[in-house]
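Please report on the nonpolar packing and the nonpolar surface of this model.

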Amino acid sequence: MQSLGITWRKIATSVRASGPVSHFKRILKVAFSDKYLFYTNVTISMGLSSLGDICEQHYEIYIDQQEKFDIKRTMHMAFSGVAVGVLCHNWYKVLDKLIVGKTLDMVAKKLFLDQMVFSPIMIVTFFGSLALFEENPLENFKEEVKDKFVTLYRAEWMVWPPAQIVNFYFLPTRYRVLYDNTISLGYDVYTSQVKHNKSLKSIPKDSKNGSS
């Protein structure tokens with residue numbers, strides 16, 4: 001977290017020192033440069049994960065499911081966002097080096113790997129990073145994965161295949177995490193709800209109706 005603060009101070013300095021272009025364009029140019037792209041992606045992921053939880057908590061308070069706002073919960077979700085941001089930043093770089101091109105065939109291959117390989121890793125990382133703050137991290141992690149993994153993975157198949165077609169076909173690598181997090185703000189609200197829903201259990205195999 002401290003390194004993120006230092007990096008953004010450097011970006012601010014670079015923006016002030018640049019030429020007569022608008023501040024917004026200067027910020028974008030510096031933030032999405034190769035030098036600062038990692039920190040930008042992590043910051044975006046952290047910020048929108050926090051915002052998703054804030055929205056979810058206010059909704060829970062509104063429907064009397066929660067008494068008051070829990071700042072620690074939002075901070076934990078922010079930490080999870082950092083972990084997810086690190087993974088996403090590196091995953092897209094690897095994927096674009098592994099599968100080069102923007103033909104429909106290449107996009108289909110990227111989509112397959114993203115859903116079959118990376119999605120499960122992301123969900124496990126999400127639960128694992130939050131389990132670190134629980135009283136019994138390992139036991140909590142195993143219980144969360146057992147009870148809630150299927151629910152989130154099915155949601156992934158609803159949200160990400162169409163979104164990632166746009167991502168892989170039209171956008172350069174540097175903007176993929178920004179696009180992901182913009183699309184996933186609503187999904188972040190949902191992941192927060194799933195994570196903090198103590199009554200949620202795994203869906204029995206005989207109740208599945210195929211891909212959601």
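The report covers cores, a surface patch and one further residue.

This is a predicted model, where local features need pLDDT of at least 70, side-chain atom pairs count only at pLDDT 80 or more, and totals for chains, interfaces and linings use all residues. Residues are numbered from 1 along each chain as its sequence is written, and side-chain values use heavy atoms, leaving out hydrogens and water.

**Cores**

A nonpolar core is a set of buried Ala, Val, Leu, Ile, Met, Phe, Trp, Tyr and Cys residues joined through side-chain atoms within 4.5 Å. Buried means under 20% relative accessible area, exposed over 50%, partly exposed in between (1.4 Å probe, protein chains only). Helices are DSSP runs (H or I, at least four residues), numbered from the N terminus.

| Core | Size | Residues include |
|---|---|---|
| Largest | 14 residues | Ile123, Phe126, Phe127, Leu152, Tyr187 |
| Second, separate | 12 residues | Tyr92, Leu95, Met106, Met122 |

In the largest core, the tabled residues have the most contacts inside it. Helices α5, α6 (137–170) and α8 (185–195) each give two or more residues to this core. The largest share, 6 residues, comes from α6.

Contact means heavy atoms within 4.5 Å. Not counting residues up to four places away in sequence, Phe126 touches Met77, Ser80, Leu152, Thr191 and Lys195.

**Surface**

Phe112, Met116, Val117, Ile121 and Trp157 make a nonpolar surface patch of about 450 Å². Helix α5 (residues 104–131) gives the largest share of the patch, 4 residues. Patch residues have over 30% relative accessible area and no salt bridge, with nonpolar side chains (Val, Leu, Ile, Met, Phe, Trp, Tyr) joined within 5 Å and like charges within 9 Å. A salt bridge is a side-chain nitrogen of Lys or Arg within 4 Å of a carboxyl oxygen of Asp or Glu. Areas come from the Shrake-Rupley method with a 1.4 Å probe; for residues, only the protein chains shown count as cover. Val117 lies in helix α5. Val117 counts as partly exposed because its relative accessibility is 38%.
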